[in-house]
Amino acid sequence: MPIAIAIDGPAGAGKSTIAKLAAKELNFIYVDTGALYRTVGLAATKNNVEPKTSVQVDELLSKIKVELTFNHKNEQIVLLDGEDVSSQIRTPEASMMASAISAVPAVRAYLLDLQRNIAKTNNVIMDGRDIGTVVLPDAQIKIFLSADPEDRAKRRYDELVEKGMDVKYEDILADVIERDYNDSHREIAPLKPAEDSIMVNTTGNTLEQSVELLIGIMKENM
């Protein structure tokens, strides 16, 4: 039976980076579910669709095709209508649109089976906002990963600057705080720990310390 590890937590907590490295260490497939919402958000932006307009969103979902594929290194590639959009979905604008689009019930339903089907046939580490509570409620290991907003904003700021993007720390922090509020107050699948989650706070940790901590927790609980 495949093993599923669910990692939930707020934006910028390092879920994706840590989960990716842990999956490589454990030889699991890493599934970044946030990338799926970012991809639908990108499609909405390209088609001038307003997330709050359900008719427009329903029409959009009937036209687009979102896929996850994995290369020979088990690295995730996300496709929108056959196009690799893995880099296009990593801007702050895509992040905010993902937060808005993820609050739409039809979008969550559209992506649910895609996420679950991957876990049915593979050992996976899957991260997002509602993996342990909604997507994979029977996951063998559930971790809720968090860090202070300032810490998370600094990490995201450094990451974007390293990519050559012109961003301001204050703007990133404001986005983090706004997204925290939106994610935890939405009606459908709000951000919250599953009752049986292992709570992990990585404020002040280096990436290496956080990765080592989580891999230790995973091995201990498998």
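The following questions and answers concern a predicted model of a protein chain.

User: Why is I131 called buried?

Analyst: A residue counts as buried when its relative accessible area is under 20%. I131 has a relative accessible area of 0%, so I131 is buried. The residue lies in helix α6, which covers residues 131–135.

User: What makes up the surroundings of I131, leaving out residues up to four places away in sequence?

Analyst: A contact requires heavy atoms within 4.5 Å. By that rule I131 touches A6, I7, D8, T33, Q115, M126, L136 and P137. As for P193, its C-alpha atom is 9.5 Å from that of I131, although the two residues are 62 apart in sequence.

User: How do you know whether the radius of gyration of the protein chain agrees with that of a compact globule?

Analyst: The globule rule is 2.2 Å times the number of residues to the power 0.38. For 222 residues a compact globule would have a radius of gyration near 17 Å, and the protein chain has 16 Å; the value therefore agrees with the rule. The C-alpha atoms fill a box of roughly 45 × 45 × 35 Å along the principal axes. Buried residues account for 46% of the 222 residues.

User: What share of the contacts between residues at least 6 apart in sequence joins residues at least 24 apart?

Analyst: The share is 73% in the protein chain.

User: Why are β3 and β5 called edge strands?

Analyst: Two strands pair if there are at least two bridges between them. The open sheet has three strands in the order β3-β4-β5, with antiparallel pairing. Strands β3 (66–70) and β5 (83–84) each pair on one side only, and they are the edge strands.

User: How do you know that β3 and β4 pair?

Analyst: Pairing requires at least two bridges, and five bridges join β3 to strand β4, residues 76–80. The two strands run antiparallel.

User: What makes β2 and β6 a pair, and in which sense do they run?

Analyst: Against the requirement of at least two bridges, strand β2 and strand β6 (residues 124–128) have four, and they pair in the parallel sense. D32 has D127 in β6 as its bridge partner.

User: Which way do the residues of β2 point, and are they buried or exposed?

Analyst: In a regular strand the side chains alternate between the two faces of the sheet. In strand β2 (residues 29–32), I29 and V31 point one way, while Y30 and D32 point the other way. All of these residues are buried.

Key: Residues numbered from 1 in each chain as written. Predicted model: local features only at pLDDT ≥ 70, side-chain atom pairs only at ≥ 80, totals over all residues. Heavy atoms only, no water. Buried < 20%, exposed > 50% of the residue type's maximum accessible area, 1.4 Å probe, protein only.
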